Amino acid sequence: MYKHQRAAVLLALFLSTSLFLVAQKSAHVPTPSEFLGFEVGADRKLADYRQISSYFKALSAASDRVQIEVLGKTTLGEEMFMAVISTPENLRNKAKYQEIAHKLADPRGLTKDQIDALAAQGKDILLLTCNIHSDEIGSSQMAMEWAYKLATTSDPEKLRQLNDVIILLVPSLNPDGETMVTEWYRKYLGTKYEGGRMPYLYHHYVGHDDNRDWYMLTQIETKNVNHAVYHEWFPQFWLDEHQMGSYGPRIYIPPNADPVAKLVNPLVHRGNNLLGADMGWRLEEAGKSGVIYNYSFDAYWPGGTRSTGWWKNMYGVLTEVASARIATPMQISPTELQGGAKGLINYEQQINFPNPWPGGTWRLRDIMDYELIVSDAALETMSKYRADLMRGVATMAEQAISSADASEFWRIPLDDQRDPIVASRLAALMLEHGLEVRLSGDKKSFLIPTSQPYGRFADEMLGIQRYPEVRPAQGSGILEPYDVAAWSLPLMMGVKAEKVKLSSTEQQSSQPITSAAWPTGGSSKGQSNFYSVSNHQNNAFALLNAMQKAGAQVYLQRGTSEESLFILPAHPQLAANAEKLHIPLSPLSALPKGSIQLKPLRIGLYKSYIPSMDEGWTRFVLEQYGFDVKNIENKQVRAGNLNAAFDVIILPDSSREAIVDGRQGREGYSEELPPEYTGGIGREGVHALKDFVDKGGTLITLARASEVVMGEEFNLPVRNALAGAGGRGTLSTADFNIPGSLLRIYVDSSNPVGYGMPKEIAAFVDGPLAFQTSSPAPDTQRSVIAWYPDDAKDMLLSGYAHGAERLERKAAAVSFTRGKGKIVMFGFRVQHRAQTEGTFQMLFNAIEWPGME
Ligand SMILES: [Zn+2]
């Protein structure tokens, strides 16, 4: 311990004693149960988000150790907040501690002594987030109890810890979902559906994928928290509390499982493991069994809350407690306990699982008790290693800076881009992540230094991935990735970005920017009757939609090359819309010959009671680009006569079983829902979809939903080339494994779905699906819109691909047309999680296609 640290501890002890007296003076602090009028954590009792929020407001009014910070609004307009908890003295000086945390996160210009001095003076900042997955409800309830405990404790040890640490406590990362889950739960309490799943996503758009959004930052809740973390508070540690399945271990704590990401500084894992060790100790000491580490959750994937920060030198861990049926207890027989995941194949004692839970009753109270212990352990660990953890952040930042070549930059050209707006969006995203982004002296490029505190994040996101083939034993298969295996943003977004070395003159002439430069929209060349817009911009579709809504007619002029033009007549709202969307308008004196009028279309998006996150993502992407989308549910599909209401119907990614039968899997137990939510579109629904196409409608199927079209009802010469033996099921991962990778595909840009697309693109592929077509009946045309290379060696651009030779010469997207009826089938993930902006246009084209006639 350094001398000044010892002084700080003495000072802390003095402060905590005096602060204790201050706390005593404040008003009576109500317990959560007193305040809400029921026993929080009791069986079948839940506080909803508004109750949680009102409790925290009351707590902050009564206690000078708790403040509320509003993070922003949620998707559905709820106020999202976090509680800032520490000693009153720390809270009064929070701006100072934010600044220290910021300096340690970006220690450029500081000497070692200055860093030590900051680490001695600073307070550790612990971000504890709860309930991102809304049915993982325990932590949202626990948060109130923990905050109460911290606000009222008179234990000198706890007070000392609070003096060392500022806690940022977010009781729910998805308030709208918390409300949905509690409403659903209360509605069916006392019925046979009690504690069962909801028939819809627990987020307006993305459901469980709200924890897949942390590098792309598409959702408002993600953006709110990201801003607080990387622009205001710079916490050193992020603890995110989740729940997992009910039949395995009781709690997962760090260390993580393999594989491990190459670019993450090992100090991140060392810090995480310190916390994991303390959590394990405190849990066992309290008699809590079933604690596991090195299990299931890898140290590789950057898409979740606490993991995106690893590349930004932040410690981050998650805990996962076994679930009850929401707030309803479960009886679990010892015979039902099972392993089956990485790190625990059989449910039995192992070194990473030294004290298996024997089975019995498991309830909300248990979940909250485990969570209270790990939350306390996090505070304790951060206090114990206060200065080390802070210095560690500065050390990692310095290593990120010094290990990179100072003349090396990621360059995103502004002018040499197919879609310059998406290129600016990528630069804006890097700024939002807290990175340093510069504009070159000639203002023609965004420049992102690799030698900066978050430089490894830039390398991870802008470079390519090669999934490590880690095998748990000689001769065994590889460890599967936890989620996807690729996140190369330039490839996904269709943006050119390259690593370049800059001369010192080029470096010096560049300037840091605080907001991205966007292309100038509108017309600079005065008034005209018509304007043309390149279809190389995703935003061009947003402009089309905006102008159609304003009552304008819009046209398409097919070019001879890959590029086509949208033609827009003069209109009072055109300039303002084009400016807002950053779209340059080129004046034309007249409507070019051969222009086709694009008719406005009525778009239906199928929504199953087996909630599909892809449905939500599709709706989100289409709304972002101004498409009017209406959901269609089973009953409406079954009723038929779909042409009366729709021109285009989209089936989002879902299995045939889910769409047709309303079942999760091919066989086995499927939890029952209230009758109005059971079943799928049925065979009559499939026939209604076929009838819709026969009568001139356009049906678009995304990924697995293509199985509906490949069924006998449609009787088309197309099958899944990666189906299992006898055409049933799909190949096993031993034969074919592409878990979410970017593959090269070729596009026919003379096909309406390929209009404006480059000949070669990166497609996001995450499952065993590729089309094998053959010649249809003479009245039907079949087109292969996109296909995989002849040689598997040319396929993988980023991620992991095992068995890629099975994709050789197979189709990635196909269409069938008969009369005016059209079917467009995408085998790859054309708008995956709103991340693959490079292929959005193919979906938009498919939607616009019927409007071209
Ligand atoms: Zn979760």
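This is a conversation about how some features of a predicted model get their labels.

Student: Let's start with the metal. Which protein atoms are the donors of the zinc ion, and how do you know that they count as donors?

Tutor: They are His 133 (ND1), Glu 136 (OE), Glu 136 (OE) and His 242 (ND1), lying 2.1 to 2.5 Å from the zinc ion. The cut-off for a donor here is within 2.8 Å of the metal, so these atoms qualify. In sequence, the donor residues follow the spacing H-x2-E-x105-H. The two histidines link distant parts of the chain: His 133 sits in the loop between β3 (124-130) and α7 (138-152), and His 242 in strand β5 (residues 237-244), 109 residues apart. Both His 133 and His 242 are buried.

Student: Why is the arrangement of the four donor atoms around the zinc ion called irregular?

Tutor: The donor atoms subtend angles of 55 to 152°. One caution: water is not among the atoms, so sites may look incomplete.

Student: Next, accessibility. Why is His 269 called buried?

Tutor: Its relative accessibility is 15%. Buried means under 20%, so His 269 falls in that class. This residue is in helix α11 (residues 266-285), and it touches Val 260, Val 264 and Ala 299, leaving aside residues up to four places away in sequence.

Student: And what makes Thr 701 buried?

Tutor: The value for Thr 701 is 0%, so it counts as buried. Thr 701 is in strand β26 (residues 698-702). Its contacts, not counting residues up to four places away in sequence, are Leu 651, Ser 706, Val 709, Val 824, Met 825 and Phe 826. Thr 701 and Pro 302 are 399 residues apart in sequence and 29 Å apart in space, C-alpha to C-alpha.

Student: How do you know whether Lys 759 is buried or exposed?

Tutor: Lys 759 has a relative accessible area of 52%. Exposed means over 50%, so Lys 759 is exposed. It is found in the loop between β28 (741-747) and β29 (760-765). Lys 759 touches Glu 562, Ile 745, Tyr 746, Val 747 and Ser 749, again not counting residues up to four places away in sequence.

Student: Tyr 746 also stands opposite a residue in β31; which one is that, please?

Tutor: Tyr 746 stands opposite Trp 787 in β31.

Student: What makes β28 and strand β31 a pair?

Tutor: Two bridges join β28 to strand β31 (residues 781-787), and they run antiparallel. Pairing requires at least two bridges, so this pair qualifies. Six bridges join β31 to strand β33 (residues 811-818), also antiparallel, with Ala 786 opposite Ala 813 in β33.

Student: Why are β21 and β22 said to stand at the edges of their sheet?

Tutor: That open sheet has five strands in the order β21-β18-β20-β19-β22, with antiparallel pairing. β21 (586-588) and β22 (596-598) each have a single partner strand, so one side of each is left without a neighbour in the sheet. Neighbouring strands are turned by 35° against each other on average, direction ignored. Inside the sheet, five bridges join β18 (residues 530-534) to β20 (residues 565-569), and Ser 534 stands opposite Leu 565 in β20. Helix α19 (residues 538-549) lies across β18, β19 (554-557), β20 and β22, running at about 30° to β20.

Student: Finally, which residues have the most contacts inside the largest nonpolar core?

Tutor: They are Phe 56, Trp 146, Ile 167, Leu 169, Met 430 and Leu 489, in a core of 165 residues. Helix α13 (residues 364-384) gives the largest share, 11 residues. A second, separate core of 72 residues includes Ile 603, Leu 605, Tyr 625 and Ala 786.

Student: What does Met 430 touch?

Tutor: Met 430 touches Leu 435, Val 437, Ile 448, Phe 457, Met 461 and Leu 489, not counting residues up to four places away in sequence.

Terms used:
Residues numbered from 1 in each chain as written. Predicted model: local features only at pLDDT ≥ 70, side-chain atom pairs only at ≥ 80, totals over all residues. Heavy atoms only, no water. Core = buried A, V, L, I, M, F, W, Y, C linked by side-chain atoms within 4.5 Å. Buried < 20%, exposed > 50% of the residue type's maximum accessible area, 1.4 Å probe, protein only. Helix = DSSP H or I, 4+ residues; strand = E, 2+ residues; numbered from the N terminus. Contact = heavy atoms within 4.5 Å. Donors = N, O, S within 2.8 Å, 3.2 Å for Na, K, Ca; no water. Tetrahedral: all angles 85-135°; square planar, octahedral: opposite > 155°, others 65-115°. Axes fitted to C-alpha atoms, helices over the stretch in contact; angles between N-to-C directions.
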